[in-house]
Amino acid sequence: MNTPQSWDARAKEYSLYGFTDMPSVHQRGTVVLTHGEGPYVVDTDGKRYLDANSGLWNMVAGFDHKGLIEAAKAQYDRFPGYHAFFGRMSDQTVMLSEKLVQVSPFASGKVFYTNSGSEANDTMVKMLWFLHAAEGKPERRKILTRWNAYHGVTAVSASMTGKPYNSVFGLPLPGFIHLTCPHYWRFGEAGETEERFVQRLARELEDTIQREGADTIAGFFAEPVQGAGGAIPPAQGYFQAMLPILRKYDIPVISDEVITGFGRTGNTWGCETYDFTPDAIISSKNLTAGLFPMGAVILGPNLAARVGAAVEAIEEFPHGFTASGHPVGCAIALKAIDVVMNEGLADNVRRLAPRFEEGLKRLAEKPNIGEYRGVGFMWALEAVKDKATKTPFDGTLSVSERIANTCTDIGLICRPLGQSVVLCPPFILTEAQMDEMFEKLDQALDKVFAEVA
């Protein structure tokens with residue numbers, strides 16, 4: 001067998017790419033990275049890129065944070081691996097569960113660990129099915145989410161994800177119901193105020209509950225800000241309109257904070273930013289600052305008690321993963337929480353968020369930018385063919401992909417999502433690095449729009 005020689009050729013020969021635009025890979029090749037320096041990553045040719053995607057939203061402390069690396073090394077030396085089955089778990093697991101409940105919006109609660117956000121959302125659905133059945137309501141299995149939501153890639157969490165690409169897998173599974181995306185700019189009707197838009201979505205929710213039957217619905221899942229939908233904050237007053245309806249019908253509310261948790265919106269939790277209290281929180285990504293694959297289901301007191309009662313009834317919760325509550329992951333998470341909350345990272349997000357918004361506001365003056373949107377350190381620019389009518393570019397032009405590729409050429413990594421370009425940099429970004437990010441994005445936008453507009 002002849003082994004390909006270049007990094008690109010080796011990657012193409014042996015790797016299957018996920019969520020990757022293959023025409024771009026065929027034309028441009030694979031960027032193979034060797035290491036990182038602060039918010040920058042470096043490829044096999046020594047080229048540096050400012051990673052305004054934080055890896056995949058998660059490398060919030062950058063790519064070489066010594067404290068996090070030392071925490072991992074120390075735990076590997078002390079106790080390099082274990083599980084959380086059979087009444088045994090590491091001391092780090094116990095300490096992390098304590099910490100997560102302490103920093104949550106809940107007065108008390110319980111924590112269950114997974115290896116990813118996808119698995120945590122999947123686990124939460126199973127918990128809801130489990131507790132409803134234990135309470136004599138096994139028909140309560142339907143799950144409410146929203147179009148353009150992203151909750152993961154397992155069969156269940158992909159069914160929750162309101163994205164058309166999941167149709168290639170024959171998903172969603174039956175019983176997963178998607179409500180209107182709360183993106184007023186795109187889905188508000190002609191002449192409809194933002195307030196009336198929210199009222200319409202609240203009516204849709206109640207109509208859906210009444211049509212399906214409240215006694216068939218297991219829970220409502222929502223990202224405080226839709227991340228992979230394109231950094232979409234909810235319309236003003238959205239959660240305040242939706243939660244009373246859900247409470248009225250005793251439908252548990254799950255805040256999917258895989259992206260928004262631990263500082264991305266400027267607060268510890270996105271539900272704090274949008275002033276609502278859920279029944280449970282899903283955490284991942286920032287939980288370990290990207291240094292370890294981990295997810296967590298954080299149950300508030302009501303769900304913790306109800307799940308606990310269901311467990312006692314059959315004497316176990318028959319669910320878990322080999323690496324659930326891994327001691328190294330928990331040690332890293334404990335350090336990551338401390339770094340974000342006590343070493344100035346969350347403060348930096350709050351301090352620079354206005355500068356971030358101002359930079360995007362300037363770029364949004366371009367005739368082919370229809371909207372800038374976001375909060376904290378998660379923002380997006382939406383490209384349009386016609387600004388007045390909000391008409392998007394023809395999909396065959398792959399405008400956002402072209403913008404992202406052009407950015408890569410000049411040393412900036414950003415993420416194309418639909419017709420949007422998303423920026424979600426590490427929390428350590430400096431003012432100078434933010435200026436660099438905007439300068440390079442400005443160049444890329446002008447180049448691509450000159451080609452396609």
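**Close-up 1. Tryptophan 57, a buried residue at 2% relative accessibility.** In this predicted model, tryptophan 57 counts as buried because its relative accessibility of 2% falls under the 20% cut-off. The residue belongs to helix 3, which covers residues 54-57. Phi of tryptophan 57 is positive, about 75°, although the residue is not a glycine.

**Close-up 2. Serine 398, another non-glycine residue with positive phi.** Here phi is near 50°. Serine 398 sits in a loop. That loop runs between strand 12 (378-383) and helix 15 (399-409). Is the residue buried or partly exposed? Serine 398 counts as partly exposed, because its relative accessibility is 31%, and that class lies between the 20% and 50% cut-offs.

**Close-up 3. The cis peptide bond between leucine 171 and proline 172.** Omega of this bond is about 10°. Proline 172 is a loop residue. On one side of the loop is helix 7 (155-160), and on the other is strand 6 (176-179).

**Close-up 4. Helix 15 crossing helix 16.** Helix 16 spans residues 431-452. The two axes come within 9 Å. They cross at roughly 135°. Helix 15 and helix 16 are therefore oblique to each other, since an angle counts as roughly antiparallel only over 145 degrees. The crossing is right-handed.

**Close-up 5. Residues at the contact of helix 15 with helix 16.** Which residues does helix 15 bring to this contact? They are Val399, Arg402, Ile403, Thr406 and Cys407. Helix 16 meets them with Leu441, Ala444, Leu445, Lys447, Val448, Phe449, Glu451 and Val452. By class, the contact has 9 nonpolar, 1 polar and 3 charged residues. Among the charged ones are Arg402 of helix 15 and Lys447 of helix 16.

**Close-up 6. Domain 1 and domain 2 of the chain.** The domain assignment gives domain 1 as 31-64 + 347-452. Domain 2 is given as 69-343. How far apart are the domain centres? Taken over C-alpha atoms, the centres of domain 1 and domain 2 are separated by 27 Å. The domains also touch: 29 residues of domain 1 are in contact with 28 residues of domain 2.

Conventions:
Residues are numbered from 1 along each chain as its sequence is written. This is a predicted model: local features need pLDDT of at least 70, side-chain atom pairs count only at pLDDT 80 or more; totals for chains, interfaces and linings use all residues. Side-chain values use heavy atoms; hydrogens and water are left out. Helices (H or I, at least four residues) and strands (E, at least two) are DSSP runs, numbered from the N terminus. Buried means under 20% relative accessible area, exposed over 50%, partly exposed in between (1.4 Å probe, protein chains only). Axes are lines fitted to C-alpha atoms, for helices over the stretch in contact, and angles run from 0 to 180 degrees between N-to-C directions. Angles under 35 degrees count as roughly parallel, over 145 as roughly antiparallel, 65 to 115 as roughly perpendicular and the rest as oblique. A crossing is left-handed if the near helix is turned anticlockwise from the far one by less than a right angle, and right-handed if clockwise. Contact means heavy atoms within 4.5 Å. Domain bounds come from an automatic or database domain assignment.
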